[in-house]
Amino acid sequence: MSTTHAQSTVAQPVSASAESCAAPLVSVIIPNYNYARFLTERIDSVLSQTFQNFELIILDDCSTDNSREVIERYRSNPKVSHIIYNQSNTGSPFAQWEKGLSVARGKYIWVAEADDSALPEFLAYAVAALEADNRVALVKTMSELVDADGNPFARPYFENYSPDGQTRIYDGDSYLEHRMIQRNEFYNASMVLFRHDAWASLSSKPYLKMRYTGDWLFWGMLMAGQRVAEVAKRLSRFRFHGHSVTDEGRVCQRAAFESKATVALLSLKLKAPDKHNQLYLRYQSDLLFRRKGYRKMARDLFGDDESIKRQFSIPTVTYPAYWLYKHLLWNYHKKLQATRCPLQPLSIL
């Protein structure tokens with residue numbers, strides 16, 4: 001493991017020439033497994049950031065390709081503070097995140113996935129958003145979708161808003177309700193910068209047992225009760241190549257189960273405005289364990305039945321009563337969806 005640390009400078013738009021303190025402002029974590037063919041582009045895109053007050057932590061989860069050879073080329077780079085090779089494969093990308101976070105010294109964290117890349121201004125814009133409001137726990141930029149060769153797709157984006165270059169600040173609970181319950185708006189870890197202390201303040205970490213949707217749950221847990229920032233600019237390049245965890249999860253029953261579990265847990269994070277809405281959230285949790293095939297996976301993921309009931313706040317009701325409030329609350333929820341106000345930013349930078 002390399003322990004060499006960098007003398008680094010802060011670049012625009014935060015500061016053009018301020019010297020870094022003993023600890024870098026940003027810790028960049030690159031978790032890798034068998035992505036040797038993408039690693040050079042990934043690492044170089046980090047090192048070429050216009051914002052330079054960062055350390056680089058490279059993790060390898062016992063790759064079987066020539067990843068180690070590629071990584072070792074960067075050992076002497078002054079930005080590289082840690083290179084860590086696992087002796088056996090963990091099988092969990094989120095376990096790797098935790099390992100990187102445990103050694104990171106930065107105030108802010110960027111998990112830069114090994115098969116993605118970034119534009120040189122990514123950190124400058126993302127850091128500026130976090131520095132502008134200390135109540136913002138995490139910030140996302142927009143991403144361009146590219147194939148294995150780096151070519152943009154015909155519709156190279158997921159977002160339904162335009163890249164106008166502005167940064168918008170949102171209430172975290174409102175963002176969670178409007179943007180994160182139906183799908184993972186933070187669909188690519190490489191497009192996110194978050195506060196180190198937001199992760200450190202988490203009292204439980206159920207995402208560690210997940211393989212496919214742990215990031216979705218992780219982002220939701222970070223933003224609950226905090227603020228969220230969106231930079232409307234495509235500063236990350238998200239690679240679709242048919243061999244990622246994202247691609248694997250599209251056809252996997254375990255991924256479908258984890259999605260249901262994530263929606264249930266995030267729903268229970270919301271502050272219910274009244275008793276009826278609270279019942280609906282409990283209905284969502286209960287429904288999770290009534291689908292054939294999910295119950296065993298629930299036990300594997302969350303423990304015994306009593307543990308499941310505690311974590312998901314499953315109500316004690318008879319089966320007929322369950323179906324009764326299921327239909328009543330589904331209709332109620334549709335009314336809520338139709339009448340609630342759209343998500344509005346608290347401020348625009």
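Asp147 is partly exposed, at 22% relative accessible area (buried means under 20%, exposed over 50%, and partly exposed in between, with a 1.4 Å probe and protein chains only). Keep in mind that this is a predicted model, where local features need pLDDT of at least 70, side-chain atom pairs count only at pLDDT 80 or more, and totals for chains, interfaces and linings use all residues. Residues are numbered from 1 along each chain as its sequence is written, and side-chain values use heavy atoms, with hydrogens and water left out.

**Around Asp147**

- Asp147 sits in the loop between strand E6 (136-146) and strand E7 (167-171); helices (H or I, at least four residues) and strands (E, at least two) are DSSP runs, numbered from the N terminus.
- Leaving aside residues up to four places away in sequence, Asp147 touches Phe153, Arg239 and Phe240 (contact means heavy atoms within 4.5 Å).
- Arg239 is 92 residues from Asp147 along the chain, yet their C-alpha atoms are separated by 5.5 Å.
- The Asp147 side chain also reaches the backbone nitrogen of Asn151, at 2.8 Å.

**Aromatic pairs**

- Searching the whole structure turns up 15 aromatic pairs; rings of Phe, Tyr and Trp (its six-membered ring) pair if their centres lie within 6.5 Å, with planes under 30 degrees apart counted as stacked, over 60 as edge-to-face and the rest as tilted.
- Trp97 and Trp219 make a tilted pair, 5.6 Å centre to centre with 45° between the planes.
- That pair ties together distant parts of the chain: Trp97 is in helix H3 (residues 93-103) and Trp219 in helix H7 (residues 214-223), 122 residues apart.
- Both partners are tucked away: Trp97 is buried at 3% relative accessible area, and Trp219 is buried at 0% relative accessibility.
- Tyr170 and Tyr175 have ring centres 5.6 Å apart and planes at 55°, so this pair is tilted.
- Tyr170 counts as buried at 4% relative accessibility, and Tyr175 counts as buried at 0%.
- One aromatic cluster takes in Trp97, Trp219, Tyr170 and Tyr175, along with Phe94, Phe186, Phe194, Tyr207 and Phe218.

**Charges over rings**

- Arg179 lies over the face of Tyr170, 5.5 Å from the ring centre; a charge sits over a ring if NZ of Lys or CZ of Arg is within 6 Å of the ring centre and within 35 degrees of the ring normal.
- Lys79 lies over the face of Phe54, at 4.7 Å from the ring centre.

Definitions and conventions. A polar contact is a pair of N or O atoms within 3.5 Å; within protein, one must be able to donate a hydrogen and the other to accept it, and residues adjacent in sequence count only if both atoms are side-chain atoms.
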